[in-house]
Amino acid sequence: MQAELISKDGTQEYFVNMGPQHPSTHGVLRLVLTLDGEIIKRVEPHIGYVHRSIEKMAEFDTYKQIIHLTDRMDYLSAHMNNEAVALLVENALEIEVSDRVKVIRTIMSELTRLASHQLWWGVMGMDMGAITTFLYAFRDREMINDIMEETTGARLTMNYNTPGGVMFDLHPNFQKQVKEFIKIFKTKLPEYDELLSGNIIFTERTKGIGKLSLADAISFGVTGPSGRASGFACDVRKTNPYSAYDRVNFTEILLVEGDAYARYKARIFEMWESISIIDQLIDNIPEGVIMAPMKAIVKLPKGEFYQRVETARGELGVFVVSDGNKTPYRVKFRSPGFSNLSVLDHISRGHKIADLVAIMSTLDLVIPDIDR
Amino acid sequence: MNAIYDFSILTGGIHERLSGLMSPTAVMITEMVIIGTLLIVFVALMGLVLVLAERKVAAFFQLRLGPNRVGPWGSLQTLADFLKLLTKELITTKSADKFLYNLAPFIVMLTPFLALGVIPFAPGLQIMDMNIGVFFITAVSSMGVLGILIGGWASNNKYSLIGGMRSAAMVVSYELSVTLAIMTMVIMTESLSLSEIIASQSDGWWIIKGHIPALIAFLLYLTASTAETNRGPFDLAEAESELTAGFHTEYGGIKFAFFFLSEFVNMLVVASIATILFFGGWMPFHLPFEWAVGFNHIMDFIPGIVWGFGKVTFVIFLMMWFRWTFPRLRIDQILNLEWKYLLPMNLVNFLLMALIALSGFYL
Amino acid sequence: MENEKIQQFISNWEPEASSALCAQFLEISVPAAKFRNLAEKLRFDEQMLFDYLFNMTCVDWNDHFITVYHLHSTKHNHSLVLKAVIANHDNPEVDTICDIWKTAELLEREVYDLFGVRFNNHPDLRRLLLADDWVGFPLRKDYKDEVNMVIR
C-alpha cells in the first residue's frame, strides 16, 4: 500500500480527514481527501453522523406526525419539506385545498427560500474568507425569521403545514411585514453583489472551478440552483407546478457555465425571482378557509405515491408506499443534498483544497438533509 | 522642531543620572534591563490595544457592537481573554517534536521584538539608532516565518503542515516585494538609518515628495507586507475555513497567545516602517514650499509621538479594512500575484525611482 | 412519448416485464435477473432516453424485495417507475446500474446499508450511513432493536 502511493519522483500522496468537525463542512460531514501536495486526487464522503433514521421512524408515525419529522431534514427549507408531505397526502386523498392555503404556502415557501439563500450567501463568503458577509446575511435573514415567528410561532422549524391546509391563519401584521421586508431587501440585495459578486478575488476563485457538465448534472441527479447552473431545467415549480406556482410569473434561472461562479449567480438570481413571486402574491391573498375538512385519522389508499417539491437545495421527493393503514408501509425521502453530494468527488478532482471549500459552498449542502 | 517634545532630553537625563551613580558597564546593564522591561510592557499593552481595536473595527464593519461587557466599551475584554489564555492547560500533542513545538512560539514572538528595537516612535524614542536600521528590519522580519514553519512541522498535524508550507512559500516570495519597495524609497532617502530617513522628510513626506513612484511603492509595500504578516486576504496559513486553524491548530493557552500576539505586533512593526518610509514617521505634516512656513510651524506644535502613533494607527486601520472586506486568495493565485504582478511592477518602479533620483526631478 | 407506446416497446424487449398504468406513473416490474438489460435499453434507446434517475429506493415486502427506480427523460419529457423484483429474501441480489446513472452509486450504497440488498458489480459497496460494524439492516421489516426502537 505504502509503496504504491509513492510516485516516480519520490513524492507521496497523503490523506487528510476533513471533518466531521470542520468549519467549512457545515455540520458533521466527513470527507477523506487524498492529496498530492495541495491538489485533490480523490474525495470520499463519509456520511451518517446525524442519521436519525427518519424513514424508519416514519413507518411508525401517522401522516400528520411525519410532517414534524421532515422539518429536521433540511432545516433551512423546513416549510417546503412540510409542504411535500402535506401535498402528498392531499393528492393521494384528492382533497382540494382552498386558494388561500395555496397562496399562503407559496409565499411562505419563497420566504423560506430567501432565508435559506441568505444564509447560504453569508456562509459562502465566510468559507471564502470574507467573514463580514455572514453578518450582513444574518441581518436580513432575521427579518424573515421574525415574520415566520409572528405567524407560525417558530423561527426555523415551522411545522406550519398540515394535510388539508395550514395550522393557523396568517398574523394580521403578516402582509405589512412582508411588504416592508421586500422593500428593504430590494435595496440590500445589490449590496450582496457589491461585497462578493463583483470582487475580483471572489470571481477569480470561483470562475472555472468545479465545472459540472449538463450530462453529468443529469446523470448525478444534481438539482436545484446547482443543477440549473449547468443548464439542467429541473425546477419542479415549472415542471410540476404545485400550490400557487402555476399562477405566478417567474423565470427559471438557467445558466450554462456550470462552475462555482454560475452556481453562485444562479442563487443570487433566484433570490430576485423569489422577491418577484412574493411581490405578485402578497397583495392578493384570497379569502377562504385555511383548512379543508379532514378526518381525524388520515388513511391513504393502497398504492404508491410520489410528490416532489422544489426546496432551496433542489428537488425533494417523498415516496410513500401505503398498505391502507394510518401509518405508511414505507417512506423514502429523495433529498436534494444527497444527490448533490454524490457529485462532489467528480467535480473537485484536480483542484486545490481551497477550491474544494468553494465547491462545497456552492453545492449548498445541509448535512441533516443528506443523512436523514 | 519643538524641543519639548524630544524624548532624548528625558533619556539623556536618565543616562547622566545613572552614570553618576555607577560604572559604565553597570549603567549599560541597568539600561538594558529597564529598556527590556519597558519593551515587554509596551508590546503587551500594544497587543491588548490592537486586539481590542481589531475587534471593534471588525464589529464596525460587520454591523455589530463588538466587545462591550468587560469594562467601559469592552476595554478590558482583551485583558480578560489574555488571563483566560494564561490559565489554560498547556497541551503538547503526543507525537509532536516537543523541543521544536515549544520553541516555535518564542521564535515567532522574538522577531517583532528585535524589529521594534530600531524603530523610532517619537523624537528620541528609539532604543538603538543603527546606521543599517532598514537592512536590520528586513533581515529580522524574515525570521518570523521560521517560527510558523517550525510550529507547523513540529505539531505533527497535516493541517498545520499545510499551513506552515503555505506560509513559507508565501513569505519567501513576498519578502522580495517588501524589500524592493523599501529599496525604492531608500534611493530617495540616501540612508539606511531610520532616524535619518525621518530627518530627510522634515520638509515634506516622501509620499508627497516622491511623486507617483513613491505612491506605487507604498501600495506595493502595503499589499506585500499584509501578506508577510499573514493577515487577510492573505491569511491562508491559518485559513480557518480550509485548514481549521492552519499552523497553530495544535497550540493552546499561552503558546497560542504568542502566535496571536505576534500577528498584531508584526502588524505594528510593518505599519511603523510604512509610516517611517512614506509618511515621515513622527515628523509633522510639512509642505515643501516657501509660502508654507507658517503652516509647517503650526504643525510642529502637535507632539511627534501623536504624529507617529496617529500615522501607524492609520496604516493599521487600512490593513484591518482589507481583512474584513476581502475574501481569501488561493495559494497559486497568491504566488501568481507576487511573481507575475507585484515583482515586475516593483522592478519597473525601482528603475523609475532611480531615474527620478538621477534627474533630480523631485521636490 | 405516450405511456401506451412505452408499454409496447418494453413488452417487445422484455416479455417477462409486467406493466401497469398507475395514477401518477407508468410502473414496470421486471425480475431482478432481467433488470439490468432493460435498464440499459431504457437509458440508451433513442426513443426512450431515460437519463435522469430522480429517485431510487427499495421496499421490503416480507417475502421479497422490490427495488424502485424513478426515471425521467429530459429530452422526451416522459417518466416511468421501474421495479426490479428480487424474489430471494435471504440473499437479495440485483445488478448495479451505477455506471448508467452515476447518482445511483451512493443511492445503492444506502439501500445496501439499510436493506442488505447486494448490488452486483458495484465498485464500492460498503455501509454508508451506519457504522461499518453495524449488525442487521434497519429498514427491513423484521429488524429488531430492543434498545433503540419503540414499537407502538
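The model is predicted, and local features need pLDDT of at least 70, side-chain atom pairs count only at pLDDT 80 or more, and totals for chains, interfaces and linings use all residues. Residues are numbered from 1 along each chain as its sequence is written, chains are lettered from A in the order in which they are written, and side-chain values use heavy atoms, without hydrogens or water.

**Stop 1: the chains**

Begin by colouring the structure by chain. Two pairs of chains are in contact, and chains A and C share the most contacts, where contact means heavy atoms within 4.5 Å. Chain B and chain C, by comparison, do not touch, and their nearest C-alpha atoms lie 25 Å apart.

**Stop 2: the interface of chains A and C**

Select chain A and chain C together. To the contact, chain A gives 37 residues and chain C gives 39 residues. The size of an interface is often given as the accessible area lost when the parts come together. Here the two chains bury about 3,300 Å² between them, with 54% of it on carbon and sulfur atoms; this buried area is the accessible area (1.4 Å probe) lost on being put together, summed over both parts. Next, select Lys56(A), Tyr306(A) and Tyr329(A): in chain A these lose the most area to chain C, together 19% of what that side buries.

**Stop 3**

Show the side chains of Glu44(A) and Arg126(C), which meet in a salt bridge (2.6 Å, N to O). Such a bridge requires a side-chain nitrogen of Lys or Arg within 4 Å of a carboxyl oxygen of Asp or Glu. Across the interface of chain A and chain C, the rule finds six salt bridges.

**Stop 4: two cysteines**

A disulfide is a covalent bond between the sulfur atoms of two cysteines, identified here by a pair of cysteine sulfur atoms within 2.5 Å. A search of the whole structure finds zero disulfides over all chains. Why is Cys58(C) too far for a bond with Cys98(C)? The sulfur of Cys58(C) is 16 Å from the closest cysteine sulfur, that of Cys98(C), and is therefore too far for a bond.

Are these cysteines buried or exposed? Cys58(C) is buried, at 0% relative accessibility, and Cys98(C) is also buried, with a relative accessible area of 9%. Buried means under 20% relative accessible area, exposed means over 50%, and partly exposed lies in between (1.4 Å probe, protein chains only).
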